[in-house]
Amino acid sequence: MILLSSSLTTPAVGTLFWSALIFGLFFLILTKFAWKPILSAVKARDEMIKGSLESAAKAREEMLKLQSDNEIILRKAREERENILKEAREVRDKLISEAKGRATEEAEKLIEKARIGIENEKLKALSEIHEQVATLSVDIASKLLGKKLKPSGEQSKLIDNYLKEIDFKKN
Amino acid sequence: MKTKKLFGFFFFLLLAGSYIITFGQEVEEKGAVKEKFKANTYILEHIADSHEWHILTKQNGENVAIYLPVIVYSKEKGLKIFSSGRLAHGQQYKGFKLEEEGNLKGKIVVVNEAGLADEENLPLDLSMTKTVIGLLSAAIIGLILFLSLARSYKKTGISHPKGIQRFLEPVILFIRDDIAIPNIGHKYEKYMPYLLTAFFFILINNLMGLIPFPPPFGANVTGNIAITFILACCTFLITQFSGNKSYWRHVFATPGVPFWLLPIMIPVEIIGLFSKPFALMIRLFANMLAGHIVILSLICLIFIFDTLALAPVSIFFVIFMDFMELLVAFLQAYIFTLLSALFISLAVQEQH
């Protein structure tokens, strides 16, 4: 066998020594001066990215929360507004109806007063007319009779009877 | 977009072409003496480790190569450092020579009084071989790449990635998010440096091995068992040292197993401890080695059939294999890292 008799499958001492030395030094130098700074830089970057992603997620969450809070507040405000408007409407309606009631009352009172006044005036006018008519009739009668009638009780009674006969209601 | 595709195509053509140039030079010389082309020798010469970095052989038989430093230690002569050029063509230097034949072929041996190799006490060979240089270059490229990456991170801080970061950060994040965290869980941070180092170390070496020319590219580094052995050893040690109570109980007193079975179960579990990293070692080694061998074999077809007419076919298949190997380069780095993470996770996971 060529391979077995050759140096291919038997490690040479010199090569072992040098490869151990070179690989060892390569490993130590790279570990100290290359891998540590590189890995820490990569890790720092990864952590930064992770941190910013996390904070972004947190910010988004907070924003969502704020948004929902806003919505709640908005809804509450709307409800409040509705309530206030409703109350106002009620108050207005009440005020209007109250005012209306009072005004009607007042008007009725006024009308009543006016009617009473009118009645009184009418009565007064009627009695005045009675008197006037009596006086006038006495005067007319005395002129007709040529004698002065004394407004004694008998004559007045007579006049009243006449007057009663005259139906005022016809006028 | 179209220009990019064209550029990619030409790049791979160049890649394949440079294989042929590199090997063609060698074959021409052999062709002059009408020697039969031995594909396995060429392939093995490329994928095996060597003390020199062969570039080409001139027509007059002269070798153009980069001679790498030899560092050798023997009891009598002590530590010696010299260029491997002094050992070229079987020369002796300071009592050492590069054995060219026999079962010590390719090894540096001490020469005794008789002028022969002293097989009794072999010297300790710590030479900077082709594999070591390839490995060192990959490590330097990796260091430059990642130290500048770290510097750019210091500059940009936590802002979005710029420049080089845009290419490497997805890979780093992939290892973290798809390998480390799903397997190891919340303790992943401790193991990230090792996983990253292993991944990029294997990847850079794999990719450098795919580029055939010039040196230090094209060395068969991750297809060398010593390197995969060291890598697997690291995974093994990290796994064992991070093993928690439930992990060790699983090994020595497997829950739900009757105690009379334990004499069988304990050795099986202990073998299991070693077989996992052993599989890691063999998988990476065999995959990368196989890739190199397949590409080289396809190139060698031209010289085996001794006709240039086969070159287009060969180049087509080499380009195809290069794409395949590009995938394998990433895949093997990924698998090694993934399995390392998996083995670590078995050691650190909490009892359910």
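Q: Which domains does chain B get in the domain assignment?
A: Domain 1 covers 69-125 and domain 2 covers 130-348. These bounds come from an automatic or database domain assignment. This is a predicted model: local features need pLDDT of at least 70, side-chain atom pairs count only at pLDDT 80 or more, and totals for chains, interfaces and linings use all residues. Residues are numbered from 1 along each chain as its sequence is written, and chains are lettered from A in the order in which they are written.

Q: How far apart are the C-alpha centres of those two domains?
A: The centres of domain 1 and domain 2 of chain B lie 34 Å apart.

Q: How many helices and strands in chain B?
A: Chain B has 9 helices and 8 strands. Both are DSSP runs numbered from the N terminus: helices are H or I with at least four residues, strands are E with at least two.

Q: What order do the strands take in the open sheet?
A: The order is β4-β3-β8 in chain B, with antiparallel pairing. Two strands pair if DSSP finds at least two bridges between them. The edge strands are β4 (78-83) and β8 (124-125) of chain B, and each pairs on one side only.

Q: How many bridges join β3 to β4 in chain B?
A: There are 6 bridges between β3 (residues 69-74) and β4 of chain B. B:I71 stands opposite B:I81 in β4 of chain B.

Q: New topic. Which residues touch the most other members of the largest nonpolar core?
A: B:A180, B:L195 and B:F199 do, in a core of 75 residues. A nonpolar core is a set of buried Ala, Val, Leu, Ile, Met, Phe, Trp, Tyr and Cys residues joined through C-beta atoms within 7 Å. Buried means 20 or more other C-beta atoms lie within 10 Å of a residue's own, with C-beta atoms placed from the backbone.

Q: Which elements give two or more residues to it?
A: They include α2 of chain A, along with α4 (164-184) and α5 (192-210) of chain B.

Q: And the second core, who's in there?
A: That separate core has 11 residues, including B:L87, B:L98, B:I108 and B:A117.

Q: How many residues of chain A are in contact with chain B?
A: 33 residues of chain A are in contact with 43 residues of chain B. Contact means C-beta atoms, placed from the backbone, lie within 7 Å.

Q: Where does the largest share of chain A's side come from?
A: Helix α2 (residues 13-145) of chain A gives 26 residues.

Terms used
Two residues are in contact if their C-beta atoms, placed from the backbone, lie within 7 Å. A residue is buried if 20 or more other C-beta atoms lie within 10 Å of its own, exposed if 12 or fewer, and partly exposed in between; C-beta atoms are placed from the backbone.
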